[in-house]
Amino acid sequence: MAVIIESSVWEPNPYLFVFIFLSCFFSIFLLPYASKNGSTRAPAPFDHGFSSSFSSFQWKFLLLYSLASVMEGLWSVYGEFELTYRGVNREEIVSSLCVGYAASLFVGTFLGVLSDLIGQKEVCVMFCIIHLVTAIWKRISVHPSLFVASIGLSLATSIFSFSFETWMVLQHEKQGHRQDMLSDTFWLMTVFESVSLIGNQMLLNSLVGDNVKRNMFSPSTVAVFLALICATFIIKGWTEVSQRIELEDYRTSFSAYIFSDKRIWLLAWAQASIHFSVAFFWILWAPTLVADGREVHLGLVYPCLLGSRILGSSLFPWLMGRTSSFRTEDCLLYGFVVSGLVMSIVAFDYQELGVLVMLFSLFHGCVGLILPSLARLRTMYVPSKLRGGMISLSLAPANAAILFFLLQAYRKFSGNSICCP
């Protein structure tokens, strides 16, 4: 007698999407009304009453940042599927990650210093050129090198982590806007980036469709157009006053303001910790969910995670309002404690899929709260002319730790392939 084994693909509960969407909607769009009811009114998003020039500047920057986020997210959303389609095995994928993080460690670490010295505009244009060249090369090459693509995209990611934020802060100060308005832009950056990644997923799904063989190179074509649009926007619409600093003056200022301040050291370690956690999460989240042969609709889990990040970021202005007793340091502390506890539960190999997705969503909600908190603390303690170098150097310990663990994984996979040909 035959035994029939029924298998089903696990999907998140549809009500979870409704809950996240409504929570984000009310958290963002009710904020101006709560701000008006406060005894001391604070600037609220979508509120044009304070300064039309600030609103124009903010929205132009967020538009540019969203386009850059879509371009940056193309590989993270579609890269694994593309590698699988091309028959790249697990050992080659890990080796490409090693090469990419090595490039981030040995080259990307110093790109922030370079941006402070030559200007953020040139480095942001470099970000677009890297994506443009990589996309064209992948589009025209029959068998593109995995290592070259990994190096280029890793360097672009390094630039993305500091350059746009640093440029925004410098332009904000140059135009004379109020310093407390920066916090508004910080949490909106996280919201717009997450929304862009969700839209990125929808765009790629519609472009590729069912005919994978025919439409496999559509993401590269999209990357070419986005890179050209972003580069044009930066070159034509960006008026940056040249404020180049001599290397010796920069080194002296960096030693005086960064290396000698214990608060900035602590801030750098916090930045490295969240970078390490998020990077390893995106490496391990899918294998964790599909462990033991489970079938999971990962394409539906992904927007839940990003939606949770949006919700976490939208809570930041509520907690940082002038009527709130929370300090930025409190938000950072609670965010790290909760995210650490959540990941500790996952580390004990909890196998219930619903609980895992809930824990992953809580982690990303904490990340959404931590990122604008770190940006606000950088504004409080780090001189703007040293901001890019401080961010890129703070990521070096995280990149070194990730590279170390990836090398251990590569040796393990290489050993298994030798023992079991």
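Analyst: We can start with Ser115, which sits in helix α5, residues 111-118. Keep in mind that the model is predicted.

User: Is Ser115 buried or exposed?

Analyst: The test is relative accessibility, and a residue under 20% counts as buried. Ser115 has 1% relative accessibility, so it is buried.

User: Which residues is Ser115 in contact with, leaving aside its neighbours within four places in sequence?

Analyst: Ser115 touches Gln120, Val123, Phe162 and Gly388. Two of these partners, Gln120 and Val123, belong to the α6 side of the contact between α5 and α6. Gly388 is one of the buried residues of α17.

User: How do the axes of α5 and α6 cross?

Analyst: To read a helix pair, look at the distance between the axes and then at the angle. The axes of α5 and α6 (residues 120-140) come within 6 Å and cross at roughly 130°. The two helices are therefore oblique to each other. On the α5 side the contact is made by Leu114, Ser115, Asp116 and Ile118, and on the α6 side by Gln120, Glu122, Val123 and Met126. Sorted by class, these are four nonpolar, two polar and two charged residues.

User: What does another helix pair look like, say α13 and α16?

Analyst: Helix α13 (residues 262-289) and helix α16 (residues 353-381) have axes that come within 10 Å and cross at roughly 155°. An angle over 145 degrees counts as roughly antiparallel, and α13 and α16 are therefore roughly antiparallel to each other. Their crossing is left-handed. The residues of this contact comprise 19 nonpolar, four polar and two charged.

User: How many helices and strands does the protein have, and what share of its residues is buried?

Analyst: The protein has 18 helices and zero strands. Of its 421 residues, 51% are buried. It exposes about 21,000 Å², of which carbon and sulfur atoms supply 66%.

User: What do contacts between residues at least 6 apart in sequence show?

Analyst: Sequence separation tells how far along the chain the partners lie. Among those contacts, 83% join residues at least 24 apart.

Definitions and conventions:
Residues numbered from 1 in each chain as written. Predicted model: local features only at pLDDT ≥ 70, side-chain atom pairs only at ≥ 80, totals over all residues. Heavy atoms only, no water. Helix = DSSP H or I, 4+ residues; strand = E, 2+ residues; numbered from the N terminus. Buried < 20%, exposed > 50% of the residue type's maximum accessible area, 1.4 Å probe, protein only. Contact = heavy atoms within 4.5 Å. Axes fitted to C-alpha atoms, helices over the stretch in contact; angles between N-to-C directions. Parallel < 35°, antiparallel > 145°, perpendicular 65-115°, else oblique. Left-handed = near helix turned anticlockwise from the far one by under 90°. Nonpolar A, V, L, I, M, F, W, Y, C, P; charged D, E, K, R; others polar. Areas by Shrake-Rupley, 256 points an atom, 1.4 Å probe, with all protein chains shown as cover.
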